[in-house]
Amino acid sequence: MFVKPGKNPNDITLYRPIILLPILSKILEKIFLKRLTPIIEESKLVPSDQFGFRKEHKTIEQAHILVYKINNDLESKSYCSAASINLSQAFNKAWHTVLLYKFKRVFSHPECTLLKSYLTDRTFQVRYQEEYTKLCTIQSGVQQDSILGPIHYSIFTADLPKTEQTLTATNADDIVILASHQNPITASRKLQNHLNQFKKWLKRWRIKANENKSTHVTFTLKRENCPTVTLNGNEIPQAETAKYLGIYLDRRLT
């Protein structure tokens, strides 16, 4: 375990691990993924707006989609109300029961049986300096540093809510939702309708969002801001700039 640079070493939540997995297990995962990939692509299981962990889907292309959308709104003198959602430990909260339920909707019995075996009765142990914890059972979360972990997360979040009045951009656990209109109130109303559906999805699958770390930005050439929006009853903080995929986007794209 290593504490994040510059953080309080007494706060256990600020530590990050280097994870060691069995090499033979990772070889098996790689072989099995080759069998799963054609099924996933044929069934279009992973939505088109998810650019994380996918071949021929680069982060710069996702950034271009956002910038193109916002530029069109600026040229048409519209308001673009955008929310960047921060999920709390999303990779660690993928509920195994739900994962197996979603596997059964797509994969055949042999694939589901192997995937169930892969997730069931796994244990972990933490070492810090020369001290070791006892073995603990893993009941949720995708396996970090594994071959199948990324596709498991994509399947877990494949049913994120979408609406015809908004644009969703997703890269792994980074989520941005945009709504546009020439009236700022209408733009935020469209965004709020989507966030209300997103709230239900979070509650159903037991995922938490960090509303305080999320950001609401109004992209416009005008001075007025779109009205605030809420998630889980908490107001998403408004800001002049949003960070997405390492890029800072200000309200006028300057």
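Visitor: Does Leu24 count as buried or exposed, and at what relative accessibility?

Guide: This is a predicted model. Leu24 counts as exposed because its relative accessibility is 69%, and exposed means over 50%. Leu24 lies in helix 1.

Visitor: Which residues make a nonpolar surface patch of about 470 Å²?

Guide: Ile23, Leu24, Ile27 and Ile31 make that patch.

Visitor: Which residues of the largest nonpolar core touch the most other members?

Guide: In soluble globular proteins, nonpolar side chains tend to be buried together. Here the largest nonpolar core has 40 residues, and Ile85, Leu87, Phe103, Phe107 and Phe198 touch the most other members. Elements that give two or more residues to this core include helix 1 (23-42), strand 3 (79-86), helix 3 (96-104) and helix 6 (184-204). Helix 6 supplies the largest share, five residues. Over the chain, buried residues make up 41% of the 254 residues.

Visitor: How many helices and strands are in the chain?

Guide: The chain has six helices and 14 strands. Its C-alpha trace spans about 55 × 50 × 30 Å along the principal axes.

Visitor: How many salt bridges does the count come to?

Guide: Side chains of opposite charge can pair when their charged atoms come close. In this structure the count comes to seven salt bridges. One of them joins Lys26 and Asp145, with the closest N and O atoms 3.7 Å apart. That pair links distant parts of the chain, since Lys26 is in helix 1 and Asp145 is in the loop between strand 7 (136-137) and helix 5, 119 residues apart. Lys26 is partly exposed at 25% relative accessible area, and Asp145 is partly exposed at 46%.

Visitor: Is Asp49 buried or exposed?

Guide: Asp49 is buried, with a relative accessible area of 13%. Its side chain meets that of Lys162 in a salt bridge (3.5 Å, N to O). Asp49 sits in the loop between helix 1 and helix 2 (59-75), and Lys162 in the loop between helix 5 and strand 8 (167-171), 113 residues apart. Lys162 is partly exposed at 36%.

Visitor: Which parts does the pair of Arg251 and Glu240 tie together?

Guide: Arg251 lies in the segment after strand 14 (247-250) and Glu240 in the loop between strand 12 (234-235) and strand 13 (241-244), so the pair ties together parts eleven residues apart in sequence. Arg251 is buried at 10% relative accessible area, whereas Glu240 is partly exposed at 45%.

Visitor: Which residues form a positive surface patch?

Guide: Lys4, Lys7, Arg16 and Lys213 form one. Lys4 is in the loop between strand 1 (2-3) and strand 2 (15-16), and counts as partly exposed at 33% relative accessibility.

Terms used
Residues numbered from 1 in each chain as written. Predicted model: local features only at pLDDT ≥ 70, side-chain atom pairs only at ≥ 80, totals over all residues. Heavy atoms only, no water. Patch = residues over 30% accessible without salt bridge, like charges linked within 9 Å, V, L, I, M, F, W, Y side chains within 5 Å. Areas by Shrake-Rupley, 256 points an atom, 1.4 Å probe, with all protein chains shown as cover. Salt bridge = Lys/Arg side-chain N within 4 Å of Asp/Glu carboxyl O. Lys, Arg positive; Asp, Glu negative; His and termini not counted. Charge placed at Lys NZ, Arg CZ, Asp CG, Glu CD. Helix = DSSP H or I, 4+ residues; strand = E, 2+ residues; numbered from the N terminus. Buried < 20%, exposed > 50% of the residue type's maximum accessible area, 1.4 Å probe, protein only. Core = buried A, V, L, I, M, F, W, Y, C linked by side-chain atoms within 4.5 Å.
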